[in-house]
Amino acid sequence: MPQDDPPQHCVLVEKDVPMTTRDGVTLRADVYRPDAPGRFPVLLSRLPYNKDLRPRPGDIDYFVERGYGVIMQDTRGRFASEGEEYYALIWEMWDGYDAVEWAARLPWADGNVGTTGQSYLGATQYLLAPSRPPHLKAAFPVSAAADFQQCWVYHTGGAFELGWQIPYAIFMARDSLERLGLKGHARTRIDPGADAVRPTAL
């Protein structure tokens, strides 16, 4: 078995780096890049689940230490990014296009951008790909639904997927409520392994 490439670089972190979309909305990303001179290829992930919760060390450090820049961007309407409301999947094509081209133009980037991510982070890649941004060179979606209606929202045959969609909607609603200044009105706790979702007071 070949040996792994040893780390070559330290990791430089830039938090909440702004990017402006074509319609003037500011999206923010955490940028991890080699603390070294030169230009590097970029691995871009876009997520609605809070970029600040990404574990480190982990795959981010692994790639940066070996000569890649890694960008984790909050999608529109989520956490550090602007946007009045969050609509799942609606903006991901053109926001994704803008993000790829923005990443390619960063002073330390070499113009080659690949996208990575699992589940919703994979769906952002599927939606981005048909827009054909010039600097997108590769995409690595993992376990993302190829058919959002049959594989995510509905069972085959048309039954609405209550067991998945309701907990997911509640989970996603917390940030939306906080952005509207409604933090403290309600809180939802999903207990691991529990059969029910129970609302509780803050």
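Is Arg 33 buried or exposed?

Author: Arg 33 counts as buried, because its relative accessibility is 18% and the cut-off for buried is under 20%. Keep in mind that this is a predicted model.

Start with the partner of Arg 33. Arg 33 forms a salt bridge with Glu 14. The closest N and O atoms of the two are 3.0 Å apart. Arg 33 sits in strand β2, residues 26-34, and Glu 14 sits in strand β1, residues 11-20, so the pair ties together parts that are 19 residues apart in sequence. Glu 14 has 30% relative accessibility and so counts as partly exposed. Side chains of opposite charge can pair when their charged atoms come close.

Now stay on β1. Asp 16 lies in this strand too. Asp 16 forms a salt bridge with Lys 51, with 2.5 Å between the closest N and O atoms. Lys 51 belongs to the loop between β3 (40-47) and α1 (59-65), so this pair ties together parts that are 35 residues apart in sequence. Asp 16 is partly exposed, at 34% relative accessible area. Lys 51 is buried, at 1% relative accessibility.

Arg 22 and Asp 98 meet through their side chains in a salt bridge of 2.7 Å, N to O. Arg 22 is in the loop between β1 and β2, while Asp 98 is in helix α2, so the pair ties together parts that are 76 residues apart in sequence. Asp 98 is buried, with 13% relative accessible area. Shared partners in salt bridges join Lys 15, Asp 16, Asp 30, Lys 51, Asp 52 and Asp 74. Across the whole structure, a search finds 13 salt bridges.

Step back to the whole chain. The protein chain has 202 residues, and 37% of them count as buried. Its secondary structure comes to five helices and eight strands. From the N terminus, the order is β-β-β-α-β-α-β-α-β-α-α-β-β.

The loop between β4 and α2 is worth a stop. Ser 81 lies in this loop, which runs between β4 (69-74) and α2 (92-105). Ser 81 has 2% relative accessibility, so it counts as buried. A polar atom of the Ser 81 side chain lies 2.9 Å from the backbone nitrogen of Arg 28. Phe 79 is in the loop between β4 and α2 as well. Its phi is near 50°, a positive value in a residue other than glycine. Phe 79 counts as partly exposed, because its relative accessibility is 29%.

Next comes a strand-helix-strand unit. β5, helix α3 (residues 120-128) and β6 make a right-handed β-α-β unit. The two strands, β5 (residues 109-118) and β6 (residues 136-142), pair in the parallel sense over six bridges. One of the residues involved is Val 113, whose bridge partner in β6 is Leu 136.

Helix α3 is mostly covered, with seven of its nine residues buried. Among the buried residues are Tyr 120, Gly 122 and Leu 128. Thr 124 is in helix α3. At 4% relative accessible area, Thr 124 is buried. A polar atom of its side chain lies 2.8 Å from the backbone oxygen of Leu 121. An α-helix has 3.6 residues a turn, so residues three or four places apart point the same way.

Then follow the chain past β6. Ser 143 lies in the loop between β6 and α4. Ser 143 is not a glycine, yet it has a positive phi of about 40°. Ser 143 counts as exposed because its relative accessibility is 54%, and exposed means over 50%.

Last, the surface. Tyr 154, Phe 160, Leu 162 and Ile 166 form a nonpolar patch there. Together they have about 360 Å² of accessible area. Phe 160 is in the loop between α4 (148-153) and α5 (162-179). Phe 160 has 41% relative accessibility, so it counts as partly exposed.

Back to the opening request.

Technical notes
Residues are numbered from 1 along each chain as its sequence is written. This is a predicted model: local features need pLDDT of at least 70, side-chain atom pairs count only at pLDDT 80 or more; totals for chains, interfaces and linings use all residues. Side-chain values use heavy atoms; hydrogens and water are left out. Patches are made of residues with over 30% relative accessible area and no salt bridge: like charges are joined within 9 Å, nonpolar side chains (Val, Leu, Ile, Met, Phe, Trp, Tyr) within 5 Å. Accessible areas come from the Shrake-Rupley method with a 1.4 Å probe; for residues, only the protein chains shown count as cover. A salt bridge is a side-chain nitrogen of Lys or Arg within 4 Å of a carboxyl oxygen of Asp or Glu. Helices (H or I, at least four residues) and strands (E, at least two) are DSSP runs, numbered from the N terminus. Buried means under 20% relative accessible area, exposed over 50%, partly exposed in between (1.4 Å probe, protein chains only). Two strands pair if DSSP finds at least two bridges between them. A crossover is right-handed if, with the strands pointing away from the viewer, the path from the first strand over the helix to the second runs clockwise. A polar contact is a pair of N or O atoms within 3.5 Å; within protein, one must be able to donate a hydrogen and the other to accept it, and residues adjacent in sequence count only if both atoms are side-chain atoms.
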